[in-house]
Amino acid sequence: ARSTVPAVPAPSAGAGLPARSGGEIRISCVSKSFGALKVLDDVNLALRPGSVTAVIGQSGSGKSTLLRAINHLERVDEGFIAIDGDLIGYRQDGETLYELKEKDILARRVDVGMVFQNFNLFPHLTAIENIIEAPVTVRGVGRAQALAEARELLARVGLAEKADAYPRQLSGGQQQRVAIARALALRPKVLLFDEPTSALDPELVGEVLDVIKELARSGVTLVIVTHEIAFAREVADQVVFMEDGRILEQGPPARVLAEPDHPRTREFLAKVL
Ligand code: ADP
Ligand code: MG
């Protein structure tokens, strides 16, 4: 029997989440193969609005593919992904049951920001130009307003002074903070981070994690693929452990990271801790 759509747990009383609309994600029965390799295998996951989910697991376990599927950068073979109840894909047994048009997919993608390991800033644009590019071209925001918002975002990530710097003039940690400000400029309901600190020198990791920590309190739904276990323990509401395209274990960090049920989770943690 197919698993059913997981219910999204209500925020626990006193969780103190700021009120905001949207940002709920449900991933149900999602599978995806590259040729003979099944990289997502019946993945079920529910993220409530404003929650923080840390995804851990070995290289090749399907973490990036899962993020890309949420953002509809990767088309899944089966199952569905819903953002605030809007299906962004649904196929079953090879037969398409529901699909969005390309323009609707693009519209949904505006709600879901993504931050990559290697920052992916436009090298020929300054920090502030990087930030206003999408609001101006995708959302049709006027240039003056986009610039004012970008200045606020730069201040929020501690880079008010770096508006006119080019990426090559910034450290890796600063570039990643610009990339986060750029993602925020589209006012996403959901932000996906794919190993945001893995490319950074150790001394620059903290400044990026601090910015993400601040976002965790802002009401945006966050999904963070990370090997920073201490950070996950401190910031995440739930931790998801993936192996071979499957979610082997998920739950509150206090349980998954301290008393994992699954022997594979224990082995993985013993390696990275
Ligand atoms: P992770 O992020 O956990 O390291 P990925 O989601 O990047 O894992 O990859 C999962 C598996 O899928 C890996 O074995 C990887 O080599 C494979 N894979 C990822 N993208 C592609 C692709 N475009 N074509 C073929 N194989 C891919
Ligand atoms: Mg990856």
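A residue is taken to be near a molecule if its C-beta atom, placed from the backbone, lies within 6 Å of it. The model is predicted, with local features requiring pLDDT of at least 70, side-chain atom pairs counting only at pLDDT 80 or more, and totals for chains, interfaces and linings using all residues. Residues are numbered from 1 along each chain as its sequence is written, and chains are lettered from A and ligands numbered from 1 in the order in which they are written.

The shell around ligand 1 consists of Phe34, Leu37, Val39, Gly57, Ser59, Gly60, Ser61, Gly62, Lys63, Ser64 and Thr65. Three of these residues are nonpolar, seven polar and one charged (Ala, Val, Leu, Ile, Met, Phe, Trp, Tyr, Cys and Pro count as nonpolar, Asp, Glu, Lys and Arg as charged, and the others, Gly among them, as polar). Strand S2 (37-47) and helix H1 (63-70) each supply at least two residues of the shell; helices (H or I, at least four residues) and strands (E, at least two) are DSSP runs, numbered from the N terminus. H1 gives the most, with three residues.

Seven of the eight residues of H1 are buried (20 or more other C-beta atoms within 10 Å of the residue's own, all placed from the backbone). Among them are Lys63, Ser64 and Thr65. His72, with a positive phi near 60°, follows H1.

In helix H6 (residues 202-216), Val208, Leu209, Val211, Ile212 and Leu215 are buried. These residues fall within an arc of 155° seen down the axis of H6, so they line one face of the helix; the arc is that of the directions from the helix axis to the C-beta atoms.

Conventions:
Buried ≥ 20, exposed ≤ 12 C-beta atoms within 10 Å, placed from the backbone.
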